[in-house]
Amino acid sequence: MFCDRVNLWLSLMRRGFRLLFSSSSCYDHVVVERAAQLRFQSQPRPPAHAQPRDVGRKKYILSMFPYPSGTLHMGHVRVYTYGDALARFHRLCGFQVLHPIGWDAFGLPAENAARERRLDPRDWTQSNIAQMRGQLQALGISFDWEREIATCEESYFRWTQWLFVQMHRHGLAYQKEAFVNWDPVDQTVLANEQVDSAGRSWRSGALVEQKMLRQWFLRITDYAPALLEGLDELPGWPIQVKKMQEAWIGRSRGTLVHFGPIRVFTTRPETIMGATFVAVSPNVVSQYPSQVPHPLTGANLPVVAADYVLADYGTAAVMGVPGHDERDRQFADRHNLPVVQVVLDGYLINSGPEFNGLSVEAGARAVEAALIRTGKGESHSAFRLRDWLISRQRPWGAPIPIIHCQAACGAVSVPEHHLPVPLAPRNDDAALDAWSRVACPSCGGPGRRDMDTMDTFVDSSWYFLRFTDPLSAERPCQADRWMAVDTYIGGVEHAVLHLLYARFVNRFLHHLGWSPTLEPFTRLLTQGMVQNKTFRLIDGDRPVPPAEVDAERGIHLPTGGAVKVSWEKMSKSKLNGVDPQAMIAAYGADATRLYVMFRAPPHMALEWDESGIQGMKRWLVRLWELIQPAAGGESSAEPVHDHEKDQILEALHKCVQQVTLDLADRHSFNTAIAALMTLSNVLRKNQEVSTSGNHHLSQSWFVARDALIVMLSPLAPHFACEAWSLMHPQSPDVWSQSWPTISSHKAATDLAAPSSVVSVTVLVDGRKRANVNIDAALLTDPDQKGLVDALHPSVAKWLPARPAQVIVVPAKCLVNLVSSK
Ligand code: ANZ
Ligand code: ZN
């Protein structure tokens, strides 16, 4: 992608640009960003298969990869700017950083867009990728472009197919009949989103039918308990996301009760004496006798089929307690079955001497104990989570690598060395026939390929592993040293499906030895929506373009209709989108990045306001004046005024501490920027005083100014890069500098900061193990060696080797030492 000849040309151009603007003292974002971009492109980058030298000093920063729609929107700008700020910050702190990007390139939208344009989905997708790649580069996002992947490439999806084959081999992929939306006119299967609220196909308008098809499922339910319990090991995830996953997995604790051969699942065992029948799901009723004994009384109860008993929950059988369950009651009334009340005001009645008088809670425990004692029951949890239906009857997806043997072998997975199964040639009947007729891998007899493709959530369920060795044709990944992802950034809309599937697949691959950790994402940063003012006609609710609105009078000018204003998520259909390209052109990538980070904390909705970008631009203009060669005059070795020196160093000290914590731990980009603004104001004031008092600025002023630019560089990389080369024409680029630390400045300027001792809670792999008193400064020192030295001896019992990873939560005085394996 970046060939050497281009690089040579770039480095020549770069020198020209340096001359071009170094003479002007006015900040011109076009010139500065063009020059910085050239410099970025000539920055040497490690090869795609590089592994971390020291696992304790690696960071894997990942923003969720996009669907290649063709244009970047503000939500993308937000997610990739956060990731880039973290990646650049950690590089400056001396970490080896993995910061990759790829494309979630299969799926229905590409199919439809391509059909409309009479293009091949692949061509359409590739041109979109090219366009978005350019936009991301214009934003200055420092991705590891050598590692770029696209899920629609054979080099990627052969491993998606490999994953399926592993699942099949381990009994986690199976076939079952399930309903799909069937368009009888187009003779095709529709996704739920393609069926409108009237139940009609979006394309043909036909009434959609439910049709039973044999489809592939992944047995995620086998992992339900582990996926639930794993949430406890994720202190770095937002609580709301964990709650959503918990609800989705949906564990119910209860009791399994044996009514003869029928096992029922109940969460109300204390009502057992009120059971007057056993209801089972209609499709299993034929397996059972027509009467079964009550486990405690021995009385015979009728077995009935009832629609309200779900076939895929619990055991597909319930004990009918019409006295206390509404659906049982309706069923009993309709079928003349007896109703017995066994609970009154929270206490058991009509339940025999053993249980009468017990409270509901005590009764539940006593009944369960009695059942367990007599071998007629056990504790049990039921899960709401369903197996994952992955078959899609669509062409633009990874083919399911299965051959259906036409003799006796059934569904046989394609041998690994025959992967990838290429996309089916759908436009050519003869070629399609040739593609689909293959020999059964197991008996050699005639076989047919499975015609379906995989849900695109399968593609994205393991891509974070692929980035660790993205080009390899020998293996799916080489994740031992890079995983887990240290910070994963993306929209909260993926809180359940994508993140749950990724956790499932990572756990499975961990068991096979491909991923070193049980959980793939140590910290999760979920960002809020980007919203903008939306104007809608009060009459009819139709959105209208902002340019046609007199906002003050609330009137739509062309029609004279009254409009209302609301903040809504930016989108084309609401006519409230703001094009990132336009913002970059008008104010620059740096001002846009700063604005997006400054306007709101990451998890909150961001309400767009263009005047805010202008404010950012003005700040950069003033900063640019601060870094001009003439700006500081000459520095004097001896400070002129002691109080000036103290004031600057105090401001610097505060700023370093704030920005370091904000970026290393709190993901609080807006307060980091505010801290940099404060420091820049102090420097400006001192500059004005020195100019009017006609004396030199102290050396600390220059120390602080250097630190300010280094700290700015993860946030506004173009600006900082060019500013640095202006300030230090002989020194290496700003990205080769180190992050300022308080201790280094303390030493250099002998600022007497009171050292304090704090008591930290030490966790090993998420479990609390010790409390240790240490110097508070160690908590915030980006070089964590001192911290580990101080803490490790107290927990060596649980963690013999040094930790692979150290997670610090300074605000809570908490340190988690992670063994990684
Ligand atoms: C006796 C009983 C008495 C029940 C009572 C409820 C109230 P959750 O909390 O959702 O897990 N149940 C069990 N399996 C079922 C299935 N496959 N389809 C429909 N209903 C099913 O609900 C558990 C309760 O839902 C169980 O407790 C069972 O009815 C019913 F006063 O057992 B119960
Ligand atoms: Zn066979």
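User: Leaving aside its neighbours within four places in sequence, which residues is P717 in contact with?

Analyst: This is a predicted model, where local features need pLDDT of at least 70, side-chain atom pairs count only at pLDDT 80 or more, and totals for chains, interfaces and linings use all residues. Residues are numbered from 1 along each chain as written, chains are lettered from A and ligands numbered from 1 in written order, and side-chain values use heavy atoms, with hydrogens and water left out. Contact means heavy atoms within 4.5 Å. With neighbours within four places set aside, P717 is in contact with F40, D84, R88, G140, D590 and R593.

User: Is P717 buried or exposed?

Analyst: P717 sits in helix α22, residues 717-727. Helices (H or I, at least four residues) and strands (E, at least two) are DSSP runs, numbered from the N terminus. Buried means under 20% relative accessible area, exposed over 50%, and partly exposed in between (1.4 Å probe, protein chains only). P717 has 1% relative accessibility, so P717 counts as buried.

User: How many Å apart in space are P717 and A173?

Analyst: In sequence, P717 and A173 are 544 residues apart. In space, C-alpha to C-alpha, the value is 46 Å.

User: Which residues come nearest to ligand 1?

Analyst: A residue is near a molecule if one of its heavy atoms lies within 4 Å of it. There are 18 residues around ligand 1. Strands β9 (262-266) and β13 (317-320) each supply at least two residues of this shell. The residues that come nearest are S252, T266, L310, Y313 and R384.

User: How many Å from an oxygen atom of ligand 1 does a polar side-chain atom of S252 lie?

Analyst: A polar contact is a pair of N or O atoms within 3.5 Å; within protein, one must be able to donate a hydrogen and the other to accept it, and residues adjacent in sequence count only if both atoms are side-chain atoms. A polar backbone atom of L310 is 2.9 Å from a nitrogen atom of ligand 1. A backbone N or O atom of T267 lies 3.1 Å from an oxygen atom of ligand 1. For the polar side-chain atom of S252 and a ligand 1 oxygen, the value is 2.5 Å.

User: What share of ligand 1 does the protein bury?

Analyst: Accessible areas come from the Shrake-Rupley method with a 1.4 Å probe; for residues, only the protein chains shown count as cover. Taken alone, ligand 1 exposes 650 Å². The share that the protein buries is 85%.

User: Is C405 buried or exposed?

Analyst: C409, at 31% relative accessibility, counts as partly exposed. C405 has a relative accessible area of 10%, so C405 is buried.

User: Where is the cis peptide bond that involves P420?

Analyst: Most peptide bonds are trans. P420 lies in the loop between β20 (411-413) and α12 (429-436). Omega is about 0° for the cis bond, which joins L419 and P420.

User: What is the phi of H667?

Analyst: Most residues other than glycine have a negative phi. H667 is in the loop between α19 (642-666) and α20 (669-693). H667 is buried, at 6% relative accessible area. Its phi is positive, near 50°.

User: What percentage of the residues of the protein count as buried?

Analyst: The protein has 25 helices and 37 strands. Along its principal axes, the C-alpha trace spans about 105 × 70 × 65 Å. Of its 821 residues, the share that count as buried is 53%.
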